[in-house]
Amino acid sequence: MEVDELTLKIDEIVTRYSKEVEDKISDILERTADSIVDYIKSHAPKSGHGNVHLADSFVKQSFGSGSDKRIVIYSEKKGRLVHLIEFGYRHRSGAFVSARPFMRPAYDEFVPAMLEEIKSVIGGK
């Protein structure tokens with residue numbers, strides 16, 4: 001085998017491996033985002049008023065691809081309330097409304113496992 005042929009073959013193998021790793025990481029990100037959204041929907045507070053609840057307003061949106069992929073999870077309709085419920089607040093009357101966290105616990109539950117899975121994909125295990 002000539003040196004040029006060997007170089008092309010190595011380049012082909014590395015490119016294919018890189019694509020496989022990107023695809024696996026993308027799948028891991030999507031699965032983790034789905035799990036986080038499901039967790040938020042099951043743990044976010046639901047009001048006794050109406051049928052449009054905070055929990056039902058959370059969605060995920062993907063941006064970019066490959067190594068530049070980002071997934072954002074947010075509340076479509078009630079984004080202005082999320083931080084108040086997550087961290088608590090002082091009402092105009094002076095009463096303190098305690099925090100009812102649901103986003104941070106979702107992050108804490110799913111992200112460490114996701115990072116370990118990504119490390120094992122990158123490490124080739």
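Which residues lie nearest the centre of the largest pocket? Let's find out.

## The largest pocket

This is a predicted model, where local features need pLDDT of at least 70, side-chain atom pairs count only at pLDDT 80 or more, and totals for chains, interfaces and linings use all residues. Residues are numbered from 1 along each chain as its sequence is written, and side-chain values use heavy atoms, with hydrogens and water left out.

Nearest the centre of the largest pocket lie Pro45, Ser47, Leu54, Leu81 and Ile85, and the lining has 14 residues. A pocket here is an open set of points on a 1 Å grid over the protein atoms alone, where a 1.4 Å probe fits, with protein on both sides within 12 Å along at least five of seven lines; lining residues have an atom within 4 Å of a point. The space inside is about 250 Å³, taken as the space filled by probe spheres set on the points. Helix 2 (residues 79-87) gives the most to this lining, three residues. Helices are DSSP runs of H or I with at least four residues, strands are E runs with at least two, and both are numbered from the N terminus.

Strand 1 (residues 58-63) and strand 2 (residues 70-75) pair in the antiparallel sense over six bridges; pairing requires at least two bridges found by DSSP. Val59 stands opposite Tyr74 in strand 2. The two strands form a hairpin with six residues between them, and Gly64 in the turn has a positive phi of about 75°.

## Two aromatic pairs

There are two aromatic pairs in the structure. Rings of Phe, Tyr and Trp (its six-membered ring) pair if their centres lie within 6.5 Å; planes under 30 degrees apart are stacked, over 60 edge-to-face, and the rest tilted. Tyr39 and Phe110 are edge-to-face because their planes stand at 80°, with ring centres 6.0 Å apart. This pair links Tyr39 in helix 1 (residues 3-43) with Phe110 in helix 3 (residues 103-123), 71 residues apart.

Phe58 and Phe102 form an edge-to-face pair, 5.8 Å centre to centre with 80° between the planes. Phe58 lies in strand 1 and Phe102 in the loop between strand 4 (96-97) and helix 3, so the pair ties together parts 44 residues apart in sequence.

## The nonpolar core

Both Phe58 and Phe102 are buried (under 20% relative accessible area with a 1.4 Å probe, protein chains only; exposed is over 50%, partly exposed in between). Together with Ile40, they touch the most other members of the largest nonpolar core, which has 17 residues. Such a core is a set of buried Ala, Val, Leu, Ile, Met, Phe, Trp, Tyr and Cys residues joined through side-chain atoms within 4.5 Å. Its largest share, six residues, comes from helix 1.
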